[in-house]
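Here is a friendly walk through the fold you are about to see. Please keep the viewer open while you read.

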Amino acid sequence: MPATPCRQGIANRLSRILRHVSGDLTPRPAQGLSLRHASLWGLQRRARPVPERSTSPARRSLTNESPTCAQPQRRRPGGRGLFYGHTQLSQARNEPMTEQMTGAQALVRALEQVGVDTVFGIPGGAILPAYDPLYDSAKVRHVLVRHEQGAGHAAEGYAQATGRVGVCMATSGPGATNLVTAIADAYMDSVPIVAITGQVATPLIGTDAFQEADISGITMPITKHNFLVTDAGDIPRIIAEAFHIASTGRPGPVLVDIAKDALQATTTFSWPPVMRLPGYRPVTRPHSKQIREAARLIAEARRPVLYVGGGVHKARASAELAELAELTGIPVITTLMARGTFPDSHRLHLGMPGMHGTVAAVGALQRSDLIIALGTRFDDRVTGRLDTFAPHAKIVHADIDPAEISKNRHADVPIVGDCREVLTELLTAVRHEHAEGRTGDYTAWWTTLNGYRDTYPLGYDEAEDGSLSPQYVIKRIGEMVGPDAIYLAGVGQHQMWASQFIGYQNPGTFINSGGAGTMGFAVPAALGAKMGRPDVAVWAIDGDGCFQMTNQELATCALEGVPIKVAVINNGNLGMVRQWQTLFYNERYSSTDLQSVRRIPDFVKLAEAYGCVGLRCERPEDVDATIAKAMEINDVPVVIDFVVHKDAMVWPMVAAGTGNDDIKVARDMAPVWENEEDEA
Ligand SMILES: Cc1ncc(C[n+]2csc(CCOP(=O)(O)OP(=O)(O)O)c2C)c(N)n1
Ligand SMILES: [Mg+2]
C-alpha cells in the first residue's frame, strides 16, 4: 500500500475534522483564488475570528467583523442589484413574523420571502427534508430536471432572461458536484444564482460519510461567496444574505450548503432577518473626478471606441449607452456577452470584437487612441496577444468590480461603479464639455471605419456541393423569428455564427456561455429562460456535440410544458475543434468526428422519444418551411435537425496566440489596413 498518499489523506481528513470541531478560523490560503475572491479574503484578514459553528470559515470571518453593522443594504435604483432584487424582502420588513418550524420549513419559507418562484433541482438523501415542505409550497415551483448540471444552467437561463436570481438545488456528494460546471459557468459570466445543497449531518462532516463532498471547499474559487450551514436558526438570515450577495455589485453564484441535521432541527423562524455583511458594500457611484477626466479625453480623442461588455446590460444601461453614443458619435463594439445591448442595425455599431469579431471592430480597437471600456474585462478572446493589443489607445475602464480594473490592461482612467450610473454621469460631463465648445471630431475616424466595414462585411460562402450552409440556417432563423425572441447557444462554431448572423436588436436577447465556454449550456439554459419568460419565443441554437451533452432536459421541457425550440446545427463534428485541426494541425482530425449526420443518434427520433416534435432539414430550399413549421408549434418543444456542411468555418479569425493585427478574413487572407498614416 502506498504509505505517503494514505497518510496524507488521513492528515487532510483529520485537519478537516479538527477545523470543524475546534472552530478554527484560519483563513484558507488565497493562492489559486481569483481576484474576486481575493477581495472577500481581504475582508477576512481584518476579521476577528470568533467561532460560529454554523457557517464556513469564510462566512464566519465576514459575519464577525463588525457585529453592530447589521442592516441589509438598500438597493438603489440604477444599480445592478435592482433588477436582481427580491422586493419581498423589503416589503416583509413591515410584517415581522416569528414561528416554530423545522430548518427545512424555514428554508422554504425564506425562499418564498425572497420571492423565489422557481427552483430547478433533483432530491436525494441529505436534501430530502427540504423537499417535504417544498411539496406544500404554493409559491415555489420545483422543476425536476434530469441532471444537476441542467438545474444549474436552467437557473442561469432563468436569471439572465428575467434579471432575477436563479435557484438550483441538489443533494450532497454527487448531486452537489454535478452542479460545479454550472456554478463555474455562472461565476465566469457573472450570473446571479443561488445553489442550495444538502450536506451530510454535522457529526459526519469530515468523516467521508456516504455522499459527503466538501462542496463549499470545492466551489470556493468559483463562487462569489459560499456558506456551510449547521444551525437551523441561521437558515433565514443566510438565505437572505445569499440572495443579496448574488444579486448586488458584480452578480455571481452563491452556494448555501446545509447539513441535514440543520434541516431537521426545530427552530424559531423570524422574518425579516438581520443580515450580517459588514464588509460587503459594492461601490456603485463613480468618482466624479474620474468621470470628468473621461469626458475630457473623449473630447480630445480622434479615434475613440466604446468597448461594451456584459456589465452594461446587467446594469440595464442600454438606453444610456445609446444616448452617449449618439451624443458623441463614437463607434460602439459589443462583446459576446453584450450582443443586443446596442442594436446591430445601428449606424454606430461595428459588431463584435475579438477572435471571431468583425474586421471593423477589431481594427477599430487596434487603431483607437481612446478605448472607453464599460462593464467588460479585456478578456484574452478580445485582446488577442495582450502586448500588441490597441497599442495607441488610452484606456478609460469602468466596472463595478475593482478587481477587473487594470487586471489585463492598465487603465489610464479607472472608474469603479455601476455602468448605468457611470453612463448617466458621463453624459452630464460630456454635455458640459460640449457646452464649453469642446467636441470631439471623429470624421476622419469614421472614414477609416466605414472603409473597414464596407470592404470586410461579415459573410460566408455557400457550400459548393449545394448542401446546407450553417450560417444560412442561422441567418434565416434570425430573420424569420425576429429580434424579440431570446436566443441561446451552445459552444463552438454554431455559437459564433449565432453571435454573427442572428441580428440582435434588444438587450438580453442572446444568452450564451462566454467565459467558461460550457458545451451543453443551451438546452437547459433555454428551459430556464422560457420558464422565466413564457411570453417570449426561446430558440436554442445548438451544436450536435453540445446537444448530446444535455439533451435529457428535453424530457423536463416536455413534461413541464416548456415549449422551447432547439435548432441543432448538425455538422457531424466537434466543428470548432475540427476547424483548429484544419488550420493548425495539418487536417489531422483526431477524435472530432461525431458521425451524428449518420443519425447515431437520430435527433428526430430522440426528440420524439422525449415527447417533443422532431423535424429535419437537409436542403437550402427547405429551410424557411421548416422554421415556419417549428414556429407554428407552441404546445410542445421542437427540435430541428439541420444537417449542414461539415467544412464551414468561422471567419474572421484571430488565431490563438497571435495579435489582433493578424486577423484573417478567410484562410490565408488578411485585411489590408488602410489609413495607417492616421495613427499618431
Ligand atoms: C464541456 C466542454 N468540453 C469540451 C469543450 C471543447 N470544445 C469547444 S467547442 C467544441 C466542439 C463543439 O461541437 P458542437 O457542439 O458540435 O459545435 P460546433 O463547433 O460543431 O458548431 C469542443 C469539444 C468545451 N468547450 N466544453
Ligand atoms: Mg458540431
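Two strands pair if DSSP finds at least two bridges between them. Helices (H or I, at least four residues) and strands (E, at least two) are themselves DSSP runs, numbered from the N terminus. This is a predicted model, in which local features need pLDDT of at least 70 and side-chain atom pairs count only at pLDDT 80 or more, while totals for chains, interfaces and linings use all residues. Residues are numbered from 1 along each chain as its sequence is written, and chains are lettered from A and ligands numbered from 1 in the order in which they are written.

Let us begin with the whole chain. The protein chain holds 28 helices and 20 strands. Of its 680 residues, 56% count as buried, meaning that 20 or more other C-beta atoms, placed from the backbone, lie within 10 Å of the residue's own; exposed means 12 or fewer, and partly exposed is in between. Residues 24 or more positions apart make up 77% of the contacts with a separation of 6 or more, where a contact puts two C-beta atoms, placed from the backbone, within 7 Å.

Six strands form an open sheet with parallel pairing, in the order 3-2-4-5-7-6. Its edges are strand 3 (141–144) and strand 6 (225–229), each of which pairs on one side only. From one strand to the next, the twist averages 20 degrees, taken between lines fitted to C-alpha atoms, with angles running from 0 to 180 degrees between N-to-C directions.

Within this sheet, strand 4 (residues 166–170) and strand 5 (residues 193–199) pair in the parallel sense over 5 bridges. Valine 167 has valine 194 of strand 5 as its bridge partner. Strand 6 and strand 7 (residues 254–259) also pair in the parallel sense over 5 bridges, and there asparagine 226 has leucine 255 of strand 7 as its bridge partner.

Is strand 6 enclosed or open? Because 5 of its 5 residues are buried, strand 6 is largely enclosed by the rest of the structure. His225, Phe227 and Val229 are buried on one side, and Asn226 and Leu228 are buried on the other. In a regular strand the side chains alternate between the two faces of the sheet. Strand 6, helix 12 (residues 235–247) and strand 7 make up a right-handed β-α-β unit: with the strands pointing away from the viewer, the path from the first strand over the helix to the second runs clockwise.

Next comes the ligand. Ligand 1 is surrounded by 19 residues, the closest being Gly492, Gly543, Gly545, Cys546 and Gly575; a residue counts here if its C-beta atom, placed from the backbone, lies within 6 Å. Helix 22 (493–501), helix 24 (544–550) and helix 26 (575–584) each supply at least two residues of this shell.

| Site | Backbone value | Location |
|---|---|---|
| Tryptophan 271 to proline 272 | cis, omega near 5 degrees | proline 272: loop between strand 8 (266–271) and helix 14 (288–300) |
| Tryptophan 651 to proline 652 | cis, omega near -5 degrees | proline 652: segment after strand 20 (638–643) |
| Alanine 390 | positive phi of about 40 degrees | loop between helix 18 (380–383) and strand 13 (394–399) |
| Glutamine 595 | positive phi of about 60 degrees | loop between helix 26 and helix 27 (603–609) |

Alanine 390 is buried, with 23 other C-beta atoms within 10 Å, whereas glutamine 595 is exposed, with 10 other C-beta atoms within 10 Å.
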